[in-house]
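Please look through the sequence and the structure below before reading on.

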Amino acid sequence: MDAMRLIEATRCALARSQEPAAIVAEVWQSQALAQAIGHRLAVAGPPELRGEALGLSELSGRGCGLLDPPRSQAEEIRAAGLTGIGDAHHTLLGLGALLAEAGIALVSVAMSAEDEGLYWQCMESIDAADESRDRVVEMLRKLAARARALGESDCEKCGGTVLEG
């Protein structure tokens, strides 16, 4: 499945989640997807994105490690279905929005947490989501700089960087 479909599926699942455990599971899915997208961009993305993409993959992996993974063995890890990035600019915009929503969702869990351990788990995960989003913003900035370097007539080529496989 392409990255945007996975991002949208994860955003929808996060929005539907009501219970703290379900929200935490969906934030974990978000971080796993960010890790997979970062890895894919680090390996096959535009050269100017590779360092930030590697950082995104590492930060998101840390974000996964801070949270308990989904409890159900039957629950699918959506990121495992990633087949391609598609339009890198569009994907990064969607991923940035997902990471922002994940951070906001964790704030609501932290505010209602009765367990101090869950509270601190959420706070550290919020930091990881924010740092991951910062990497996404930096990659978008680099794509914009690349578009300017290519000239106005070639902007669509830069924003439409397609990465498959």
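M139 lies in helix α5, where helices (H or I, at least four residues) and strands (E, at least two) are DSSP runs numbered from the N terminus. This is a predicted model, in which local features need pLDDT of at least 70 and side-chain atom pairs count only at pLDDT 80 or more, while totals for chains, interfaces and linings use all residues. Residues are numbered from 1 along each chain as its sequence is written, and side-chain values use heavy atoms, with hydrogens and water left out.

Helix α5 has 35 residues and reaches 51 Å from its first C-alpha to its last, close to the 51 Å expected at 1.5 Å a residue; the expected span is 1.5 Å times one less than the number of residues. At the start of α5, a side-chain oxygen of D115 comes to within 3.1 Å of the backbone nitrogen of G117. After the helix comes G151, whose phi is positive, near 95°.

Because its relative accessibility is 0%, M139 counts as buried; the term means under 20% relative accessible area, with exposed over 50% and partly exposed in between (1.4 Å probe, protein chains only). Other buried residues of α5 include Q121, S125, V136 and L143.

The largest nonpolar core has 40 residues, and I37, L92, L95, V136 and M139 touch the most other members. Such a core is a set of buried Ala, Val, Leu, Ile, Met, Phe, Trp, Tyr and Cys residues joined through side-chain atoms within 4.5 Å. Two or more residues each come from α1 (3–16), α2 (20–44), α3 (50–66), α4 (88–112) and α5 (116–150), and the largest share, 11 residues, comes from α2. In soluble globular proteins, nonpolar side chains tend to be buried together.

Which residues does L67 contact, leaving aside its neighbours within four places in sequence? L67 lies in the loop between α3 and β1 (84–87), and L67 is buried, with a relative accessible area of 4%. Its contacts are V24, V27, W28, L106, Q121 and S125, a contact being heavy atoms within 4.5 Å.

| Residue | Contacts (heavy atoms within 4.5 Å) |
|---|---|
| M139 | L41, L49, E52, A53, L56 and L92 |
| L95 | I7, A34, I37, L56 and V136 |

Two C-alpha separations show how parts of the chain come together in the model: M139 and P46, 93 residues apart along the chain, are separated by 10.0 Å, and L67 and V24, 43 residues apart, are separated by 7.0 Å.

Note on methods
A polar contact is a pair of N or O atoms within 3.5 Å; within protein, one must be able to donate a hydrogen and the other to accept it, and residues adjacent in sequence count only if both atoms are side-chain atoms.
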